[in-house]
Amino acid sequence: MEAFVNALMAIGLLLILMLIIYLIDRVNAIEKETRKVMTSIQDKSALAASPFLGLSSKKLWDTMTGRGGEGLDAVALEELRGQYQLILSKHMEALYQEGFRDGQRGMSGEPPNTRQIQTSKGSVESWIPAAQAKVLYQCGLDASQTPEQEWAPIRASMDEAGRFLLSKTRLDADSPLSDWLMPATAPMSMDPLDSPRVLPKPAVDPKF
């Protein structure tokens, strides 16, 4: 009888020990998961607070074209899209101006499809497809060497490139790019950097 009682006590102690081990394991698992969730929340908060959600170059382009941005807050992405319209506008304008200046100097080059863009929120590297970068640069080059009254084919080429870039990034593509980069009233002899220009809506930087 005493042996039976001892066996029951041993089994009881073993069960209690197994329960304690299980509870400790569960507590550790819960603590680990809590730390993971807290770290994720902190990372997302830091990312949302960083300029352009910490994105730049092709990652920024991919996010704006719907091929990236997984795990990012939808509201933050929408705000970023408004910021990106300014970035892309400045990038397109810079390529055209670079081609125009090179043409005035009798030079030509191969424009890179990345460019550092300055905004009041900070500097960010912008990326666009090489084909459209070359088109915008070439438009500036051709415009500098062509009388304004013969700019129609150049404007058409520019507008096609602009429509592609804006539609791919889901931005407003209603106004032709040439309306503000190659306004018909601009003096032909004036460098685009110094000429009065009609800038697109995104050129206003109200949030930065």
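1. Surface. The chain exposes about 12400 Å², and carbon and sulfur atoms supply 59% of that area. This is a predicted model, so the values in this note are computed from predicted coordinates. Of the 208 residues in the chain, 37% count as buried.

2. Overall make-up. The chain contains six helices and two strands.

3. Contacts along the chain. Among contacts with a sequence separation of 6 or more, 69% are between residues 24 or more positions apart.

4. H3 against H5. Helix H3 spans residues 74-104 and helix H5 spans residues 152-168. Their axes are 12 Å apart, and the two helices pack at an angle of about 155 degrees. H3 is therefore roughly antiparallel to H5, since the cut-off for that term is an angle over 145 degrees. The crossing of this pair is right-handed.

5. Residues between H3 and H5. On the H3 side the contact involves Leu 88, Met 92 and Tyr 96. These meet Met 158, Gly 162, Leu 165 and Leu 166 of H5. By class, the residues of this contact are six nonpolar, one polar and no charged.

6. H3 against H4. Helix H4 covers residues 130-144. The axes of H3 and H4 come within 6 Å and cross at roughly 40 degrees. That angle makes H3 oblique to H4. The crossing of H3 and H4 is right-handed.

7. Residues between H3 and H4. H3 contributes Met 92, Leu 95, Tyr 96, Glu 98, Gly 99, Phe 100, Asp 102, Gly 103 and Gln 104. From H4 come Ala 133, Leu 136, Tyr 137, Cys 139, Gly 140, Leu 141, Ala 143 and Ser 144. The contact of H3 with H4 has ten nonpolar, five polar and two charged residues. Met 92 and Tyr 96 of H3 take part here and also in the contact with H5.

8. Ser 57. This residue lies in helix H2, which runs over residues 57-64. Is Ser 57 buried or exposed? Its relative accessibility is 16%; the cut-off for buried is under 20%, so Ser 57 counts as buried. Leaving aside residues up to four places away in sequence, Ser 57 touches Thr 114, Glu 125, Ser 126 and Trp 127.

How values were computed. Residues numbered from 1 in each chain as written. Predicted model: local features only at pLDDT ≥ 70, side-chain atom pairs only at ≥ 80, totals over all residues. Heavy atoms only, no water. Helix = DSSP H or I, 4+ residues; strand = E, 2+ residues; numbered from the N terminus. Buried < 20%, exposed > 50% of the residue type's maximum accessible area, 1.4 Å probe, protein only. Contact = heavy atoms within 4.5 Å. Areas by Shrake-Rupley, 256 points an atom, 1.4 Å probe, with all protein chains shown as cover. Axes fitted to C-alpha atoms, helices over the stretch in contact; angles between N-to-C directions. Parallel < 35°, antiparallel > 145°, perpendicular 65-115°, else oblique. Left-handed = near helix turned anticlockwise from the far one by under 90°. Nonpolar A, V, L, I, M, F, W, Y, C, P; charged D, E, K, R; others polar.
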